[in-house]
Amino acid sequence: MVFKKLMQAMGVGGPSVETVLANPNCRPGGILEGRIQVLGGDHATDIEYLALGLVTRVEVESGDSEYETTQEFHRQQVTGPFRLEAKQRYDVPFRFEVPWETPLTELYGQHLHGMTMGLRTELEVARAVDKGDLDAVAVHPLPAQEKILEALLRLGFRFARADVERGHIYGVRQHLPFYQEIEFYPAPQYASGINQLELTFVTNPQHIQVVLEIDKRGGLFTEGRDAFGRFTVDHASAHQTDWAAQLDGWLRQSLQRRGLFF
């Protein structure tokens, strides 16, 4: 009997959890739906709660070093306490709200290299937390975000990689403790003045703040530096703008101001 209680305390023969997503594809501000299946173990168990957390991989700069960590950035408790009998099956449906600032992981059916996103199920039994496995989630652009990305591709920019960096962008109203950078190789017509272009979306229900950073090449009499641009796009009116023309104008103006003609 003592051995059995010890095994129970260690989680041996305890409940198992599986999360089933109705559809792993979503957009920022959208909903993930599914159900959590809990199967009782060899003995009755008092469950403290079931919770879901959206997690991604984040790059962190600390002093002179840089490292990656997995960070939960949105959490939703699905149940309160309940008792699970031995071998009992317990199904819990859920609707999980995806934050508006959630980083993108997909573009035109292709995974963005460098991105990881998952929904993690957490079960607590007697103060012992089992975080379970990650269920992969695919985050697709909103229509307004897609317009901007499409414009860059039309101009000839090529996707390089994407990452998520911990921190806040100066002058931007931002709720999450990190931001995504989507990096592009320069289009041929800008290649003499640009090393790369980085794009960040900071989104809310009304509009998207678009932050552009260009890493410029240094010329004979100029120093290579970064240039920033920032503008706001309304969800409702994004389709009314020729974004390729707008972006091309900003890029040319930014480079010409610094004497980098092309």
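Visitor: Among contacts in the protein between residues at least 6 apart in sequence, what percentage join residues at least 24 apart?
Guide: The model is a predicted one. It holds three helices and 18 strands. Of the contacts in the protein between residues at least 6 apart in sequence, the share that joins residues at least 24 apart is 63%.

Visitor: Which element of the protein has the lowest mean pLDDT?
Guide: The protein averages a pLDDT of 86, and 86% of the residues score at least 70. Among the elements, strand β13 (residues 138-139) has the highest mean, 98. Over residues 1-10 the pLDDT is below 50, and this stretch has two contacts beyond near neighbours in sequence. The element with the lowest mean pLDDT, 35, is helix α1 (residues 2-9).

Visitor: Are α2 and α3 roughly parallel or roughly perpendicular to each other?
Guide: The axes of helix α2 (residues 143-155) and helix α3 (residues 243-257) come within 8 Å and cross at roughly 65 degrees. Angles of 65 to 115 degrees count as roughly perpendicular. The two helices, α2 and α3, are therefore roughly perpendicular.

Visitor: Which residues in α3 do residues of α2 meet?
Guide: The crossing of α2 and α3 is right-handed. From α2, the residues taking part include Lys147, Ile148 and Leu155. In α3 they meet Trp243, Ala244, Leu247 and Asp248.

Notes. Residues are numbered from 1 along each chain as its sequence is written. This is a predicted model: local features need pLDDT of at least 70, side-chain atom pairs count only at pLDDT 80 or more; totals for chains, interfaces and linings use all residues. Side-chain values use heavy atoms; hydrogens and water are left out. pLDDT is the predictor's confidence in each residue, from 0 to 100. Helices (H or I, at least four residues) and strands (E, at least two) are DSSP runs, numbered from the N terminus. Contact means heavy atoms within 4.5 Å. Axes are lines fitted to C-alpha atoms, for helices over the stretch in contact, and angles run from 0 to 180 degrees between N-to-C directions. Angles under 35 degrees count as roughly parallel, over 145 as roughly antiparallel, 65 to 115 as roughly perpendicular and the rest as oblique. A crossing is left-handed if the near helix is turned anticlockwise from the far one by less than a right angle, and right-handed if clockwise.
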